[in-house]
Amino acid sequence: MINELRRVSLGGNPVWYARGLVVSMTESAEHVINAAIVLRRHLGNLKIPVIPLFGNKIAPDNLLKSLKAFGESNDGFSLP
């Protein structure tokens, strides 16, 4: 799907074709980070936003804790 987006938006802005990448049943920062990695690999950078859909009531809290811990680490990948 991301490859097709790259193909149809060649020379243009992918946002003209897709407003974002929805990640269903997001439960951790790893899900969001992996989606961002896929976008960077196929589109060259984060040209469309990653939109998490949380899988359960506690997922947003887990995600925020994970993102905070991730932001404190220095592994060469930064979120926009």
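Me: Why are Arg7 and Glu4 said to be separated by about one helical turn?
Reply: Both residues belong to helix H1 and are 3 residues apart there, which means that about one helical turn lies between them. This holds for a predicted model, as does everything that follows.

Me: What makes the pairing of the Arg7 and Glu4 side chains a salt bridge?
Reply: The rule asks for a side-chain nitrogen of Lys or Arg within 4 Å of a carboxyl oxygen of Asp or Glu. For Arg7 and Glu4 the separation from N to O is 2.6 Å, and therefore the pair meets the rule. The count by this rule comes to 1 salt bridge. In general, side chains of opposite charge can pair when their charged atoms come close.

Me: What class does Tyr17 fall into, and why?
Reply: Tyr17 has a relative accessible area of 49%, which is between the 20% and 50% limits, so Tyr17 is partly exposed. Like Ser9, Tyr17 has its place in the loop between H1 and E1. Tyr17 also forms a nonpolar patch on the surface with Val8 and Trp16, and together these residues have about 370 Å² of accessible area.

Me: What makes the set that includes Ile2 and Leu5 a nonpolar core?
Reply: The term requires buried residues of the nonpolar kinds, joined through side-chain atoms within 4.5 Å. The largest such core in the model has 9 residues, namely Ile2, Leu5, Ala18, Leu21, Val23, Ala35, Leu39, Leu43 and Ile48. Two or more of these residues come from each of helix H1 (2–8), strand E1 (21–26) and helix H2 (29–43), and H2 gives the largest share, 3 residues. Ile2, leaving aside its neighbours within four places in sequence, is in contact with Leu21, Val38, Leu39, His42 and Leu43. In soluble globular proteins, nonpolar side chains tend to be buried together.

Me: What class does Leu67 fall into, and why?
Reply: Leu67 is at 25% relative accessibility, which is above the limit for buried and below the limit for exposed, so Leu67 counts as partly exposed. Its place is in helix H3 (residues 59–72), and its C-alpha is separated by 8.4 Å from that of Ser28, 39 residues away along the chain.

Me: How many helices and strands does the chain have, and what is their order?
Reply: There are 3 helices and 2 strands, and from the N terminus on they run α-β-α-β-α. Of the 80 residues of the chain, 26% count as buried.

Conventions. Residues numbered from 1 in each chain as written. Predicted model: local features only at pLDDT ≥ 70, side-chain atom pairs only at ≥ 80, totals over all residues. Heavy atoms only, no water. Buried < 20%, exposed > 50% of the residue type's maximum accessible area, 1.4 Å probe, protein only. Helix = DSSP H or I, 4+ residues; strand = E, 2+ residues; numbered from the N terminus. Contact = heavy atoms within 4.5 Å. Patch = residues over 30% accessible without salt bridge, like charges linked within 9 Å, V, L, I, M, F, W, Y side chains within 5 Å. Areas by Shrake-Rupley, 256 points an atom, 1.4 Å probe, with all protein chains shown as cover.
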